[in-house]
Amino acid sequence: MIYEGDFLRDAISNLLAAGYRVFAPVKVGDFHIFREISSANEADFNYILPRNSAKVALFPQNEVLIEYGEWIEKIPIDKKKIAVVGIRACDAKAIKLLDKHFLEGFVDPYYKARREELLTIAIACDNASINCFCQSFGINPRKPEADVVVSNIDGKVFVSANSEAGKAFVREFKLRGESEEESMIRERFENEKIEMRKIDVDVEKLKKSFDSPYWKEVATNCKSCGLCTYLCPTCFCFDIYDEGERRGVRIRAWDSCQFPLHTLESSSHNPRSEKWQRLRNRFYDKFYYTLRKGDYYCVGCGRCIDYCPAGIDIVNVISGVR
Amino acid sequence: MKIVTFACNWCSYAGADLAGVSRLKYPEDVKIVRVMCSGMVNPAWILRAFRQGADGVVIAGCHPGDCHYMVGNYYAKKRYLLLKELMKFIGFEDERLKLLWASASEGKKFAEEMSAFTKLVEQLGEQKQLRWER
Amino acid sequence: MNELEKIKEALRSSSAEKIVAFVRKENEPREVLAILSPNEIDRISFSPLSFNNPAKLLMQLNGKVAVVAKGCDAMAIKQLIKEGKLKRENLFIVGISCKGVADYRKLSKLVKLNEVTSVELEGDELVIKLKNGEKRVAFAEVVDENCVYCEHPTPVIYDVLIGEPREGKRDFSDVEEFEKLSREERWDYWISQFERCIRCHACRSVCPLCYCEECMVDPSNLAISPMSTAEDKASYPRLLGKTVNAKDNAIYHILRVLHHAGRCAGCGECERACPMELPLRKLERKLEKVVVETFGYDLNEDIPFLSKLDIVGD
């Protein structure tokens, strides 16, 4: 269907008016960050990919679980509805991968409360950036798996709703049907493959390279800074800290498998004390250990390649495993 | 007002003691923390004090050349200068940080300086820039 | 012989067992650091996009090491030698008189990076070689802002110098400009910058002068031994929490920069690594100004700044 006007901005206004918390990309300096916004004109959609990922909406960097003082007060879980507007296909798939982790097996009540009523509005990609490789994972950048998908083709705004929640949402908007020609244009757009990098994942080779000196070589420049995990849309490690003395809080905060003390045990033994062990673990987690959950846990967004200060490139590392 | 004073054990803390013994009044807003030497004061503690709601912080030590550990107060002055300049640069009200040289016999000076500083901080008002509570 | 050939020749003349130098990154037109053996010298590359600092990598190596260092890199190496983290006799430094590096982010706005094959500096122009054709821009438009204020473009220590010695300049006009703003403007500016920080600690991880195993402002990085009791670990002084908000971030950055007073080499790696593009160099430069003007210390002296105890006034 086609919308005459700026669908994304109108959608944000509607969502804010309906009491949703809206997360959308905000332009800061020269780049975009995903943030909670309070008015529709804060959002800006002129980007290929925002710096951080949409997981900040579902899995915030800091979350207070308990407050303690004279009594222990459990902080009630925030049940306000959340909408994420302006994500790309990679981030949309990442949300499904996070669902597998947080909602299957032990159900995380905080994640569940936010995810139940989550509305995702995605934008179809026109082109890839220099380090995108989502197509290697079967993701179609022009057909994100989100509740509502907005595509800008030939100056027209195409809107499609892919789920019950999405259909209910777009009913409030005046959308007109597509002509045959417009349908053809849209289908051609959706089925076109974009030129981008490819990653070759050979899980068998990966399994056999556990003791290989290859990982020491790869980790030469790694500084264990943890940036890759903080920007990654599917990384989910967290730690729980108590802060305060007589009165304080217990918070859940992002942790990174790359920090040196991530695997420190109470006996003071640290099985991953060297940075090449931690780096190897990260690649194994993304492409081998998580196969137990049924899918690779990488969506090919390329943020870790763009921003790694040491220049470590996940595509080269995995394709060149020996 | 909450004013935290890091007073060195050998000179300024003794000076504060003397002010107390001589019944010289200075405001109760001043809370004194005894450290062995003013050179022991870590800028992290000063920032932490501001973060937890202190309205003013004073580092009190021996006069230059009189430090019990020879050069401790020189380090204190260096750190104080660097921290103050940086705070000024980021727009923090750097008048809230003070460095005081007071010897063990200067009880009167200690009391007077504390009173004057408290008045200054009262004029500035509550510190809201770095204070953080949930 | 062009610059790259001279570098390779200088490296061949050393007796080092390992070489730390730049190699071309696959898929992108810039270089990254690598540790090579003497028979891999031909893999080495160098261009205006070789902006990483090898000093941090040197600390993990033993034995005789040859290294390719630009002006700021050599200053970082000198600071580490002053502080006892590196030994001068173990290093063979090929110093490059640096004309500045290009800002990768500025470059990515001028051209599409996946069309660039290489970049070269020719006089005052940056020649960007594309897959089909080339583009020329004035170097002044893409140079890293940090390099504009460089004080030591010629390496302060070296065994072989490539290129003619160049004069740096001491110019704190950017800091002075900022100081002219009112207090509210400065605070509003800095708090809005610190709001963006996600405390990923990338700035600390790439800085060669941040080598403490236990960082004072990181509650998740403690120096614990098998002998530490649970009581010790629980009551460890935590100066900063894991909560990420503008004020805690401000404290983190102030403390980190304070630890670099008189030590910062000015390589700019912190600002490049930051994913949220915080203006970290501004803070460091303010401290450099204080160190130079108020304390009269020059980074090139042989005594660390912390050992000098001249007191200034009262």
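**Close-up 1. The surroundings of A:Val85 in this predicted model.** Setting aside neighbours within four places in sequence, A:Val85 is in contact with A:Leu8, A:Ala11, A:Ile12, A:Val22, A:Ala24, A:Ala43 and A:Ile121.

**Close-up 2. The largest nonpolar core.** Here we meet A:Val85 again: together with C:Ile77 and C:Val94, A:Val85 touches the most other members of this 204-residue core. Helix 3 of chain B (residues 72-90) provides the largest share of the core, nine residues. Domain 1 (2-191) and domain 2 (203-319) of chain A both contribute residues, so the core lies between them. As a reminder, nonpolar side chains tend to be buried together in soluble globular proteins.

**Close-up 3. An open sheet of four strands in chain B.** Follow the strands in the order 2-1-3-4, with parallel pairing. Strand 2 (30-35) and strand 4 (97-101) of chain B stand at the edges with a single partner strand each, so one side of each has no neighbour in the sheet. From one strand to the next, the twist averages 20°. Six bridges join strand 1 (residues 3-8) of chain B to strand 2 of chain B in the parallel sense, and B:Phe6 stands opposite B:Val33 in strand 2. Helix 1 of chain B (residues 12-21) packs on the sheet, touching strands 1, 2, 3 (56-61) and 4 of chain B. The direction of helix 1 makes about 115° with that of strand 1 of chain B.

**Close-up 4. Where chain C touches chain B.** The contact takes 25 residues from chain C and 21 residues from chain B. On the chain C side, helix 8 (183-196), helix 11 (246-258) and helix 13 (280-293) each supply at least two residues. Helix 11 of chain C gives the most, with eight residues. By class, this side of chain C has 16 nonpolar, two polar and seven charged residues.

Notes
Residues numbered from 1 in each chain as written. Chains lettered and ligands numbered in written order. Predicted model: local features only at pLDDT ≥ 70, side-chain atom pairs only at ≥ 80, totals over all residues. Contact = placed C-beta atoms within 7 Å. Nonpolar A, V, L, I, M, F, W, Y, C, P; charged D, E, K, R; others polar. Core = buried A, V, L, I, M, F, W, Y, C linked by C-beta atoms within 7 Å. Buried ≥ 20, exposed ≤ 12 C-beta atoms within 10 Å, placed from the backbone. Domains from an automatic or database assignment. Pairing = 2+ DSSP bridges. Axes fitted to C-alpha atoms, helices over the stretch in contact; angles between N-to-C directions.
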